[in-house]
Amino acid sequence: MSNIVTVIAPVNIAVIKYWGKRDEKLILPLNDSVSATFDTSVMCAKTSVSTHPDFVEDQIWLNGKEESFSNPRLQNCLREIKSRAVAEKTIAEDVLSWKVHVSSENNFPTAAGLASSAAGYACLVSALAKLYKIKSDVSSIARLGSGSACRSVYGGFVRWHAGSKPDGSDSIATQIADSNHWPEMRVLVLVVGNTQKKVSSTVGMKISSETSELLKHRIQHCVPQRTERIIEAIKNKDFYKFAEITMKDSNQFHAICLDSYPPIVYMTDISHSIVDLIHKYNDFSGETKVAYTFDAGSNACLYLLKHDVPKVISLIKYAFPSTSPENFITGLSVAKEEINTDIL
Ligand code: ADP
Ligand code: DP6
Ligand code: CO
């Protein structure tokens, strides 16, 4: 067998946010979520995996630094991959007993609210699946690493169905529309801060599910309608409707963070001034030209249409004169590529 495999995988940024689990171990969410997968040409995780009879232990290096492989999420992903290899009879049993080495790098800030866990685990399980020659769908294995990762396995616009079965077999990601569906759609990422967030997404959503009343309201009364409406907007390429729902859902997610006890604050003053600026720009334009969304971090993801990109970049530079090129990750189209397993 070829015993080194390298894969790249994209991030995805949700427009209907996943926030809260009903099962911590299987990583089953409380609500459906919807996202767009970005092109890997600017933001991606790149992961190499190898296995060899001489390796003495499973090891992982993330951005050049060794991390602990005893992380239960890594263990769960590797165990599930190996059990699929057994079920699919792809690999000799002695090879399955060899240890693995993993090395991964993100070409964008890690743990800063730009979906590194999504790209990272989608990449890791895709690389392991290729190493062990697994043919079946790996999205549900990626979910065991990080919930949002199950969406990064597909391009275009993706829905993660919460499902209701205790074993999680119906908690799956499906594609709403492929990457060719809305070719004018662009994403502009504004890097406000590249440091690691103080409260990880995992810990943050646990605090919110345990303490926020608003989270219960959102799940029962907001997400179901919003999900249906945004899917319709995506299918009809209705930017106005897409943008409004995206912004409202981002705002509600951060309101839930504040409604948590103790409160969790991901957005900074700069994040809030970006929100103000986008609303002013949309009002001034007489139509909704740009939608912002913020994950669990201070960085902004702007969804907009191709012909508005140059104007919006000038606007940001004008409003924030100290921004430098590294604050912009620009020109991203939504999901031109899916996971690329053929780079080596
Ligand atoms: P983010 O907002 O970037 O997704 P999270 O708090 O959800 O932040 O997750 C960050 C964690 O995801 C990291 O501490 C690390 O454990 C994991 N992670 C990030 N990138 C990778 C990667 N390329 N490979 C494996 N794990 C990764
Ligand atoms: C705000 O998938 O990173 O980005 O499942 O615990 O690993 P775990 O959390 P993660 O949470 C993502 C939260 C979010 C919204 C989203 O991506 O839907
Ligand atoms: Co994450």
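## Ligand shells

Helix α3 gives the most to the shell around ligand 1, with seven residues. Helices (H or I, at least four residues) and strands (E, at least two) are DSSP runs, numbered from the N terminus. This is a predicted model, in which local features need pLDDT of at least 70, side-chain atom pairs count only at pLDDT 80 or more, and totals for chains, interfaces and linings use all residues. Residues are numbered from 1 along each chain as its sequence is written, while chains are lettered from A and ligands numbered from 1 in the order in which they are written.

The shell of ligand 1 holds 23 residues, and Ser116, Ser117, Gly120, Ser200 and Ser201 come nearest; a residue is near if its C-beta atom, placed from the backbone, lies within 6 Å of the molecule. Both β9 (99-106) and α3 (116-131) supply at least two residues of that shell. Its composition is eleven nonpolar, eleven polar and one charged residues. Here Ala, Val, Leu, Ile, Met, Phe, Trp, Tyr, Cys and Pro count as nonpolar, Asp, Glu, Lys and Arg as charged, and the others, Gly among them, as polar.

Ligand 2 is surrounded by 15 residues, the closest being Ala14, Tyr18, Ser146, Gly147 and Ser148. By class, they are six nonpolar, seven polar and two charged.

## Nonpolar core

The largest nonpolar core has 95 residues, and Ile81, Ala122, Val125, Leu128 and Leu302 have the most contacts inside it. The largest share of this core, eleven residues, comes from α3. Such a core is a set of buried Ala, Val, Leu, Ile, Met, Phe, Trp, Tyr and Cys residues joined through C-beta atoms within 7 Å; buried means that 20 or more other C-beta atoms lie within 10 Å of a residue's own, all placed from the backbone.

## Four-stranded sheet

An open sheet has the strand order β2-β5-β10-β11, with antiparallel pairing; strands pair if DSSP finds at least two bridges between them. β2 (12-16) and β11 (173-177) are at the edges with a single partner strand each, so one side of each has no neighbour in the sheet.

β2 and β5 (residues 33-37) are joined by four bridges.

Definitions and conventions. Buried ≥ 20, exposed ≤ 12 C-beta atoms within 10 Å, placed from the backbone.
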